[in-house]
Amino acid sequence: MGLSEILTEYGGMYLQALLTTWKLTAISFSLGFVLAILITILRVSPVKPLRVFGDFYVQVFRNIAGISLLIFLYYAFPYLGILLSEQTCVLIAVTLIGSAFGSENFMTGVNTIGVGQIEAARSLGLTFTQMIRLVIIPQALRSAVLPMTNLLIAIMLTTALGSQVPLDPHELTGIVAYVTTRNSTAGLAAFILAALGYVGTALVIGYFGNRLDKKVRILR
């Protein structure tokens, strides 16, 4: 079964799978982006328990396998009386892991801020909240454009976790499993179509990420 035959028979499903992948990616990245900023604020907070919690959060979700987290959410939570849909489980798993890596990216940006700027902000009487809002976060965001671009691509690939639960509609990896189980002759062609979707999306993300980085990059 060649590419043209797969497109003829399953083309609509591949398109739907691509759109589902984009949807999962957009939602997970948006939620993870906001959560990463909040966790980063905790990690630079003058309150020690908040710093400890922020660091603990990052260490846990940065070092846990995505599939393990998904299995826990989808198969273990029902025993606790918590029922979540397949899509919600995927979104939570990808968001938690993405936010941990996102916080590390932002911390790298925070560490590029000169001590003199922090001291100047304090001498002006700025509160911690004001320093976060006016000095730290704006510069951290500008310094983290390329790392966050890479994270967006990684999150897009991580949505393949959806293939491990009965997600409907399928995402790109799930549609490959669907096609190959129903037509054993699809073989490599089914994977190639999904790979083209991933690669094409990653190239577009990388292109716009590089353009944005050139516009907002801090020259030192």
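Modeller: Helix α9 (residues 187-216) contributes the most to the nonpolar patch, with four residues. Helices here are DSSP runs of H or I with at least four residues, numbered from the N terminus. Please note that this is a predicted model, in which local features need pLDDT of at least 70, side-chain atom pairs count only at pLDDT 80 or more, and totals for chains, interfaces and linings use all residues. Residues are numbered from 1 along each chain as its sequence is written, and side-chain values use heavy atoms, with hydrogens and water left out.

Colleague: Which residues make the nonpolar surface patch?

Modeller: L3, L188, F191, I192 and L196 make the patch, which covers about 490 Å². Patch residues have over 30% relative accessible area and no salt bridge, and nonpolar side chains (Val, Leu, Ile, Met, Phe, Trp, Tyr) are joined within 5 Å. A salt bridge is a side-chain nitrogen of Lys or Arg within 4 Å of a carboxyl oxygen of Asp or Glu.

Colleague: Is L188 buried or exposed?

Modeller: L188, which is found in helix α9, is exposed because its relative accessible area is 63%. Buried means under 20% relative accessible area, exposed means over 50%, and partly exposed lies in between (1.4 Å probe, protein chains only).

Colleague: Turning to the rings, how many aromatic pairs are there?

Modeller: The count comes to six aromatic pairs. F33 and F106 form one that is edge-to-face, with 5.5 Å centre to centre and 85° between the planes. This pair links distant parts of the chain, as F33 is in helix α1 (residues 3-43) and F106 in helix α4 (residues 86-111), 73 residues apart. Rings of Phe, Tyr and Trp (its six-membered ring) pair if their centres lie within 6.5 Å; planes under 30 degrees apart count as stacked, over 60 as edge-to-face and the rest as tilted.

Colleague: Why does F106 count as buried?

Modeller: F106 counts as buried because its relative accessibility is 3%. F33, at 27% relative accessible area, is partly exposed. Ring pairs also link F29, F33 and F106 into a cluster.

Colleague: What does L141 touch?

Modeller: L141 touches F33, I37 and F106, not counting residues up to four places away in sequence. Contact means heavy atoms within 4.5 Å. L141 lies in helix α6 (residues 128-143) and is partly exposed, with a relative accessible area of 31%.

Notes. Patch = residues over 30% accessible without salt bridge, like charges linked within 9 Å, V, L, I, M, F, W, Y side chains within 5 Å. Areas by Shrake-Rupley, 256 points an atom, 1.4 Å probe, with all protein chains shown as cover. Helix = DSSP H or I, 4+ residues; strand = E, 2+ residues; numbered from the N terminus.
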